[in-house]
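Biologist: I am new to this structure. Could you show me how to read its features, one at a time?

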Amino acid sequence: MLYDAAEEANMYLNYYAIPLIVLAFILSVLVFHIRKHKDTAGATCFSLLLCSSIIYAFFYALEISSTTLNSALTFYKLEYIGIPFIPAFMLIFAIKYTGKKHWLSTPAIVATFAIPLITLILVFTTGKHTLYHKGIFLSSETIFPSLVFEPGIWYGVQQFYGIACIIFSIILLLKMWLEIIPAFRKQVTIVMIGTLVPFLALLLYIGKMVPLGLDPIPYSLAFSGLLIYIGMTHYKLLDVAPLARSLLFGKLPDGVIVLDGMQRIVDYNHSAMRYLELTSEDIGKHASKVLVLWPELINNRQNTDGMGSIEVNRNIDGADVWLNVDFLSLLDDNENMIGQMIALRNITEKKKAEETLLETNRYLEEATARAQNMAAQAEMANRAKSEFLANMSHEIRTPLNGVIGFSDILMETELTDSQLHYMKTVYTSANTLLDLVNDVLDFSKIEAGKLELDPEITDLAELLNQITDVVKYKAHEKKLELKLNVVSELPQHIIVDDLRLRQILINLLSNAIKFTEKGEIELKVETSTVPDNTYKVGLTFSVKDTGIGIAEKNRSRIFDSFSQEDGSISRRYGGTGLGLTISNRLLEMMGSKLELESEPGKGSTFYFIVVLPVKEEEPITTDVPENPCKVLIEDKKKAKYSILIAEDNQTNMELASIIISRLLPKAEILKAGTGTEVIRIFNEKKPDLIFMDIQMPEMNGYDASREIRKLESQNRTRTPIIAITANAFKGEKERCLKAGMDDQITKPIVSNVIQHILDKWLFMIEINRNDDSIDTSIEAVHFDKEKLLEAINENEELYCMLTSMAIGSITSNLEDIITDLSNKNVQGVKAHAHKMKGAALNINFNILGNLAKELEEAIEINGEIIPDLLEQMKNEIEFVKQDLKK
């Protein structure tokens, strides 16, 4: 000791303080390293335990190095920032570690820290009461000058509290030690030792079994923390979850038994005990001596991957039980086998289900065989019927040809009016009968499988003219308008069975004329490309009429053989009901089928799509179009453009991208969230068109446009820039044009507005319409769902994503507005209201968008209505959220 040489000083070098400083440093290092395990249960409490121990050790070292009462008492008080909390943190650590975290309710935590907090207050107010110390002085009769005092009543309370916390912690750890499997007990033992060390030191101190004046507890806490830290890091102590083990292993419905490397039983759960009739005395015994009745479990060998599986049938508790047994090797870090785990799963119900399934399969196989036999017999009968009809139709058609031919010749001779009328009736009836016979003959050929297609090179335009020539006389007879509507892109020659295609179209047109009393008949032909095939084309043929239409319930019936919509139709209009059936069968042979759209009283549209080859030396070309503007736009849409969208709101960005991708499927969409990103992407990609949001971070749309125009001045090219604003204020467009932009659109962003911009600035097409004619009106509704779905092509997944993003963005904007109002940041409120307006209008939250617009305008001129506007906005956001949930 060196305190004799420094009596006039407040401090001296006490050799007993040096280890405390070193230990405090070690604990500090542990606190730093324990942060790597901060996500594990109990790590935070252990860190706080170490911090409290550091405070205790450090200020105790300063206390025993003091030579005056005042300095020693000061450091003594500072020790109590940590001392009373050490037992509390020790207890909470033990609770969390042993899986009892649910005990830590708010009242429990308050109760745990109540005594330490009271102790801290009493120590810092020593001198004003005698609850903790009845008298305190600096004694020189101890091993070194140290504080001596007579304990007060609360001192005893604190000591009892500390002992109780440590004892309870040890009890929890001991209970855990008894519950877990032997493999984990070494880990728990280390923690128990770490917990006992300060407890033993406290007992030594209370029993005055240490040198007078020396407090051993701060020394012991360092060793305690080190032991617990070793358990946490080296043995992964905090990974042990006794509660999880109890739930997942002990209560698992599957039986589990664990063997060591010498095939001795190490552990098992309740289910395994029931299946294998094990007892606690079997722990440690060789499996072959215990599982005598289960030789399959002893003699099994795993696969090369350390796994194996068998099925075992046993009588357990008087019931027939099937068990699936899985064998899993347990390996150490060096891939050496250290044991084996055997899992037994009850699959009795599965086996019963398999037996039932096998029986059902046998029954189905027998039923299928019977059905196939009956189908074969029916097919033979049907084929015989079809052959009979074919033969009979042929025999009937031969004399009919004579009747028709000679009737035609006879009508050219001199006949009286009555005779000519009779001959025309005979001629018409014979032709009607011939049509009927032809239909029956075609149908019988199809049924018998004897009808084959004969594709050949066909002039499509000539074929269409021939078809209309055949039916136009009947149409004009009924004073119906017959239209042929053909798109500009049409191959000249296709390879098809022109006879059958003509038959299908004439049948559809004849039906349309038959069932239409007034109006028009339209034959329309459209083309579509076939991916990766230059010499094939998709052709859509449709026949539209303004006739009687077909009811929903009868639509499938009209495709049945010898069927019409109902009996009255057959009586009124005639016919066999075979026409549509034959047409549909012919289309099936071409790889297509007949489709129908109809509305009773307004008409019907029959259509089909066929993919046909074209002549290889004659790929699809564009004839001189009736509407050059339309064809030019369609051609340009197939080109690859790059379009830059500058928008800082993610929802608005996604919506604009989706609309443009729909209009220009091959376009490259470039995205920028700030003005500086716009400049960078412009330099790198040189986009063909830019949609520029006005209000963006780092650089607004005006400045970004000016910078782009400066860059363009070097190469004399000009990229169209279209301003996207949420303002419809007078003069806004002029301001955009002055900044170097070419045009302006206002939110919400809709498809027809984007289409107009593309036509005008990308395709350079002069379209005779005024910008003001574009419908951008905003209906005062909470949420215009139909308009949003139309913009994204009815894509439900995109709908969910965009609405979710919009709600998040709008909620965030509202929070920012409230914050800016509290800070009296007028420009901030205005900016965030502007963003909310754009996001809301783009996603069609129309009422909310208008409220945001009112707030943006009112912030500078009419502050009195702002609270009411905010309340309305909150209510509207909540209403929209509930509407979306529905």
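Modeller: Start with a loop. This is a predicted model. K824 lies in the loop between α26 (796–822) and α27 (826–842).

Biologist: What is the phi of K824?

Modeller: The phi of K824 is positive, at about 60°, although K824 is not a glycine. Q263 is another case. Its phi is near 65°, again positive in a residue other than glycine. Look for Q263 in the loop between β3 (255–260) and β4 (265–268).

Biologist: Now helix pairs. At what angle do the axes of α20 and α26 cross?

Modeller: For a pair, read the distance and the angle of the axes. Helix α20 covers residues 650–663, and its axis comes within 8 Å of the axis of α26. The two cross at roughly 155°. An angle over 145 degrees counts as roughly antiparallel, so α20 is roughly antiparallel to α26. The crossing of α20 and α26 is left-handed.

Biologist: Which residues make the contact between α20 and α26?

Modeller: From α20 come Q650, T651, E654, L655 and I658. From α26 come L798, M801, L802, M805, A806 and S809. Sorted by class, this contact of α20 with α26 has seven nonpolar residues, three polar and one charged.

Biologist: Let us move to α2. How do the axes of α2 and α4 lie?

Modeller: Helix α2 spans residues 43–63, and helix α4 spans residues 86–97. Their axes come within 9 Å and cross at roughly 160°. The pair α2 and α4 is therefore roughly antiparallel. The crossing of α2 and α4 is left-handed.

Biologist: Which residues of α2 and α4 make the contact?

Modeller: On the α2 side they are C45, F46, L48, L49, S52, S53 and Y56. On the α4 side they are I86, F89, M90, I92, F93 and K96. By class, the contact of α2 with α4 has ten nonpolar, two polar and one charged.

Biologist: And at what angle does α2 cross α3?

Modeller: The axes of α2 and α3 (residues 69–79) cross at roughly 170° and come within 8 Å. That makes α2 roughly antiparallel to α3. Helix α2 gives I55, Y56, F59, Y60, L62 and E63 to this contact. Helix α3 gives A72, F75, Y76, L78 and E79. The contact of α2 with α3 divides into nine nonpolar residues, no polar and two charged. Note that Y56 is in this list and also in the contact of α2 with α4.

Biologist: Which residues line the largest cavity?

Modeller: The lining is E647, D648, N649, N652, D693, Q695, K747, H834 and K835. Sort this lining of the largest cavity by class: no nonpolar, four polar and five charged.

Biologist: Which residues line the second largest cavity?

Modeller: L49, L50, S53, M90, L221, S224 and G225 do. The elements giving two or more residues to this lining are α2 and α8 (217–233). By class, the lining of the second largest cavity has four nonpolar, three polar and no charged residues.

Note on methods
Residues are numbered from 1 along each chain as its sequence is written. This is a predicted model: local features need pLDDT of at least 70, side-chain atom pairs count only at pLDDT 80 or more; totals for chains, interfaces and linings use all residues. Side-chain values use heavy atoms; hydrogens and water are left out. Axes are lines fitted to C-alpha atoms, for helices over the stretch in contact, and angles run from 0 to 180 degrees between N-to-C directions. Helices (H or I, at least four residues) and strands (E, at least two) are DSSP runs, numbered from the N terminus. Angles under 35 degrees count as roughly parallel, over 145 as roughly antiparallel, 65 to 115 as roughly perpendicular and the rest as oblique. A crossing is left-handed if the near helix is turned anticlockwise from the far one by less than a right angle, and right-handed if clockwise. Contact means heavy atoms within 4.5 Å. Ala, Val, Leu, Ile, Met, Phe, Trp, Tyr, Cys and Pro count as nonpolar, Asp, Glu, Lys and Arg as charged, and the others, Gly among them, as polar. On a 1 Å grid over the protein atoms alone, a cavity is a set of points where a 1.4 Å probe fits but cannot get out, and a pocket is an open set with protein on both sides within 12 Å along at least five of seven lines; lining residues have an atom within 4 Å of a point.
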